[in-house]
Amino acid sequence: MSTTTDTARIFSSDNTAGASPEIIDAVTRAAAGQTLPYGADGITADVRRRMSEIFERDVDVLLVSTGSAANALSLAALTPPWGSVLCHRDSHINNDECGAPEFYTAGAKLVPLGGDDAKIDPDELRAAMRHKAGDVHSVEPSVVSLTQATETGAVYTRDEIHTLGPIAKEAGLRLHMDGARFAGAVAALGRTPAELTWRAGVDLLSFGATKNGTMTADAIVVFDRSLTAELAFRAKRAGQLASKMRFHAAQLDAYLTDDLWLRNAGHANAMAARLQEGLKAIPEVGLLGAADANILFCRLPQRVIEGLLADGYVFYHDRWEPGVVRFVTSFATTEEDVDHLAQAVGRHAT
Ligand SMILES: Cc1ncc(COP(=O)(O)O)c(C=O)c1O
């Protein structure tokens, strides 16, 4: 995509956005001089300090280069190879990580569950946790993994997390959160990061940042610090201990400074809400599910899909069901981009 116009028409993913200027500046500053490698630098220590402030307790932090690495390493630290990971059937770990969770856990089984808006249904969770628990002929239910925000753009409320967390914990299971869009959830709910995670029993959080302003850096936030040493060995073994860790750290440090992470996510959410408002006014559009964060699903007539594609719009369609479309906004989406898209939909619909 070479022109501004093209860029403004990309709604396929938040991975298509660039990086926040504050983050690029921080990386440039971090390039000066010499410092210790492999995370022994001062900026990595600053990230741990900032995360501890944000989560209102001492946490450990491992910086990694992808969300898939954060998820797979976290799950490997939480389940034995003969365990199972209970997750939603639409979850990224179940559908989009090429078996990395199974590979990194040395063979643990992912057990997909149902629930509206890609949120795990509590009754299904209870039933799955009981299924053959303690029976050597089956895998042992070991971890529950929640995605916040979900793959369909919904957000688990504080109460929903505080329902699911204790169900897992009381049965002795560990709790993982895939927070590839955690910032979007915090911005949408206006709740503290602590109450949305460890206060409900989350042991490890995959803290996404790349979709919301950083270039190449995500993190694992460790609430159960007895897991830190194991995670460090696993990260090195997985090729996720960057020698020049200061560059990952500089990105996260700037991301967490002056609430940039929440400002970016709030903007992305506001752009999705604006798009939703624009589309609501068009009778041919069927909005689907909750769009609490920055992902919006809708049903469009085929002629509208074809018209948008002919205009140069880029988005996923017909992947889920014929006529079902996904639009994703980001920190870089402008009001003008959104309004043009809604106008284009309206034009092709009539
Ligand atoms: C819910 C969710 N989890 C995790 C990821 C991490 O993906 P990646 O390994 O591409 O950074 C993504 C990316 O699309 C995602 O949507």
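Trainee: Which residue stands opposite Val-325 in E11?

Mentor: Strands, and helices likewise, are DSSP runs numbered from the N terminus, a strand (E) having at least two residues and a helix (H or I) at least four, and two strands pair if DSSP finds at least two bridges between them. In this predicted model, where local features need pLDDT of at least 70, side-chain atom pairs count only at pLDDT 80 or more, while totals for chains, interfaces and linings use all residues. Residues are numbered from 1 along each chain as its sequence is written. The residue opposite Val-325 in E11 is His-317, and two bridges join E10 to strand E11 (residues 324–328), the two running antiparallel.

Trainee: In what order do the strands of that open sheet lie?

Mentor: The order is E8-E9-E11-E10, an open sheet of four strands with antiparallel pairing. Strand E8 (286–288) and strand E10 (316–317) are the edge strands, since each pairs on one side only.

Trainee: Where is Asp-318 found, and is Asp-318 buried or exposed?

Mentor: A residue is buried if 20 or more other C-beta atoms, placed from the backbone, lie within 10 Å of its own, exposed if 12 or fewer, and partly exposed in between. Asp-318 is in the loop between E10 and E11, and it counts as exposed because it has 11 C-beta neighbours inside 10 Å.

Trainee: What is the phi of Asp-318?

Mentor: Most residues other than glycine have a negative phi, and most peptide bonds are trans. Asp-318, although not a glycine, has a positive phi of about 60°. Ala-118 likewise has a positive phi of about 60° without being a glycine; Ala-118 sits in the loop between strand E3 (109–113) and helix H7 (122–130), and it counts as buried because 23 C-beta neighbours lie inside 10 Å. As for peptide bonds, the one from Gln-148 to Ala-149 is cis, with omega near -10°, and Ala-149 lies in the loop between strand E4 (140–147) and helix H8 (158–170).

Trainee: Which strand is joined to E1 by five bridges?

Mentor: That is strand E7 (residues 218–222), which runs antiparallel to E1, and within E7 the bridge partner of Leu-62 is Ile-220. Strand E1 (residues 60–64) is mostly covered, with four of its five residues buried.

Trainee: Which residues surround the ligand?

Mentor: A residue is near a molecule if its C-beta atom, placed from the backbone, lies within 6 Å of it. The residues surrounding the ligand include Thr-66, Gly-67, Ser-68, Asn-71, His-92 and Asp-178. Helix H4 (residues 67–78) gives the largest share of this shell, three residues.

Trainee: Where does Ala-349 lie, and what is Ala-349 in contact with?

Mentor: Two residues are in contact if their C-beta atoms, placed from the backbone, lie within 7 Å. Ala-349 is in helix H14 (residues 335–349), and, leaving aside neighbours within four places in sequence, it is in contact with Ile-282, Glu-284, Pro-301 and Val-304. Ala-349 is partly exposed because 16 other C-beta atoms lie within 10 Å. Ala-349 and Val-285 are 64 residues apart in sequence, yet 8.3 Å apart in space, C-alpha to C-alpha.

Trainee: How many helices and strands does the protein chain have?

Mentor: The secondary structure of the protein chain comes to 14 helices and 11 strands, and 51% of its 350 residues count as buried.
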